[in-house]
Structures are given as C-alpha cells and as structure tokens.
Amino acid sequence: VLLRCGAARLLAGSAVAFPALATCDPDPNGRVGKLSRVFVLGRDKLVGIRAAKFLELTGDADPAVQEAALRLLSGHREFEASATVLGRALASKNPGPVAVAAEILAEHPERAGRAGTAHGSSAANDGSVDPALIDALSRAYRSRDAREAPGVIGPLIDAAGALGVLGLMKELEAACQSESGSLRERAERALRALGQPARRCPSAEGSRHLPPELDHLVTKPFKVVFQTDLGNLEVTLDPGAAPVAVTRIHDLVLAGFYSGIEVHRVVPGFVVQFGDPGGDGYGGAARPALPSELGPTEFGVRALGFAESGSDTGSSQIFVTLGRFPHLDGGATYLGECGPGWEKLEIGDRILSAQLKSD
C-alpha cells in the first residue's frame, strides 16, 4: 500500500481526483490513501473543489489525517476560513489535532483572523482575531490536565502567548509553577509576550509531586516480548539507568496497555516509535508525565529510549534506535537494549501483544 500510494501521489501531480490515488489503498478509510491525498492537495491552491476536499480531510475521523491536512494551512494563505478549521480542531477530543492547531497558531497567528481579514497582517496585533477561536483555545487549555498532557498544553501555551489571550493569564501563571521544565519555559515566554517582559519562571523546589512508581520500583533488568505483525521482537529494560521510567513501562505491559497499539513513527535509519493509543504521536497513558532521567549512557544501534516532547513529559511512548546517535546521549532517557528485527517495522504495523518474558 505504501509503495502503490507513493507512486500514485508522484504521478498525480496536483490532481487530487487522479484515479490511481483513489484506489492505491484498498481500504476506503485507510490512512495511507488519505495521507496521499493530503500530500497532493498541498501542491496547489486550496480553492474551489480542492478547498472542499481539504475541509473534508481536516474533519476526518483519523487524527493523523486531520493533523496532516491542518499543517497545509501554514503554506496556504489563500484559504480564508482557517480560523473556523483551527477552532474545530481545537475542540477535538483527540490530543493530536488540538496540539497541531495550537502549533500553527503559535507560528502563524495571522491564521486566527476572521475570513477575509487576515491577509498581509498579524491578527494577533490588529484586533481581527476571531473571538470564537479564542474561546476554543481557552476551552482546549482548561479541559486538559497539564500533568497528563504536557505535549498538548505546551503548544496551547505558545498559542496563547502569540495571540495575546489575556483570559488565560491564571492558567499561564499556574504553568509558570509547573513541575515540567519545558512548560515553565513556554509559560515564561507567553507571560513576557502578554506584558511581563522581565518575567521568569524558575523551578519551584519542593512542590514536585512524586511519581507513583516510586512506591514499587523494579530493581532487576527484565525482558519484554512484543508480538507484532512481523513476529516477536524483544527488548531488555534496565532499571539501573532510569528506575522510574522502566517501572512505568513494566506496569503498562502488565496492564496490557501496548496490546493493539500501532507503530506511529518510523524514520528509516533513525528510530521506530510507538506507545500512543491514538496512533498519531501526541497521546500516551492516562498517567502523570514523568521527570526525565538523563544519564551518560550511549544510544547505540537498537537502544531503547523514552520518547518525550520536552523535558519531564514522558508518558508511555518508547523508541528503538536504528543506528548510533550521539546527540541522544544525555539528552534522552535510556531504558535498555533491543533484539534484532525492529528495522523491519513500518508505520501502521501493530503491536498485537506485549508480555514479560520469564527467565
């Protein structure tokens, strides 16, 4: 399917109705086929029939398709209803579309303007921001637990600062005292943008909630067998490197969390990543984010790491390296080592089950 749709989108040019593009994925609701249509849409202006197809894909049931379509807004200023589309995304129950919409608003605040008012100006500065969008942004922020969703709260903080959302000052003040270093940094930038140029958000010593995993830390290395579409793949986790994160993975395996989860990220020669129930890379387990546990351990071929969207944001996503990457040494939480075969996985392959391997 990947090869067929990859070929179809190359042959299609900018023709979103190209026949092979509609049939390359045998599943009419398949992610690969829809993502290929998004790719082709991005090659020309989003007007007329193309705009209608774009609107359809931004409301797709698959969050990954929604997110890919939303990202087209960054380079397509001709589409005038961006505030409406972004507001709808901010109201999503899935974390990914919310985060992507916030990222777009933080980078392109002019996209928050009412239809027909945003061209050539900054909506954050000229008073043309759509009030319905500000309301959607505020609701999205207040509906999420910052301890469980730092990967979504972070972009929302950035968007609030870029759009000058004074109604979220209370929430930004709370983020300034967050346990997460990345959220404190973002809150500091946002508060400075909202009229506090000298504001700092230093770490609040003594206020950190202790991770619940500390009550039952795993003390010995253990193996996990992941049954996948391509056979069994193994990892060995080492609590000596990151005791809290390794205990979190141990608990999630016992709870059956990884059963049925898809591989959502593959960068050939770099990493294979999974652990998000939504399958788009923005979600995780409904548990508090964990503090980063950084050390000098080298990330060589088939090292296992804890995926984060900033410091102190790890939840349940893990990655396997496919090469030696020194930039990860001391910059990512090391969990252990993996057996062979992980390089065979592709996006969409499924973890059928995960079990602790007995000695």
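I looked up the largest nonpolar core first: among its 58 residues, Leu-90 and Leu-156 touch the most other members. A nonpolar core is a set of buried Ala, Val, Leu, Ile, Met, Phe, Trp, Tyr and Cys residues joined through side-chain atoms within 4.5 Å. Buried means under 20% relative accessible area, exposed over 50%, and partly exposed in between (1.4 Å probe, protein chains only).

The model is predicted: local features need pLDDT of at least 70, side-chain atom pairs count only at pLDDT 80 or more, and totals for chains, interfaces and linings use all residues. Residues are numbered from 1 along each chain as its sequence is written, and side-chain values use heavy atoms, with hydrogens and water left out.

I then listed contacts (heavy atoms within 4.5 Å).

Why does the span of H12 agree with expectation? At 1.5 Å a residue, its 13 residues (181-193) should span 18 Å, and the end C-alpha atoms are 19 Å apart, which agrees. The expected span is 1.5 Å times one less than the number of residues. Buried residues in H12 include Leu-183, Ala-187 and Leu-191. Their cover includes helix H10 (150-163) and helix H11 (169-175). Just after H12, Gly-195 has a positive phi of about 105°.

Last, I checked the sheet. It is open, with eight strands in the order E3-E4-E6-E5-E7-E2-E1-E8 and antiparallel pairing. Two strands pair if DSSP finds at least two bridges between them. Strands E3 (263-267) and E8 (351-357) are the edges, each pairing on one side only.

Definitions and conventions. Helix = DSSP H or I, 4+ residues; strand = E, 2+ residues; numbered from the N terminus.
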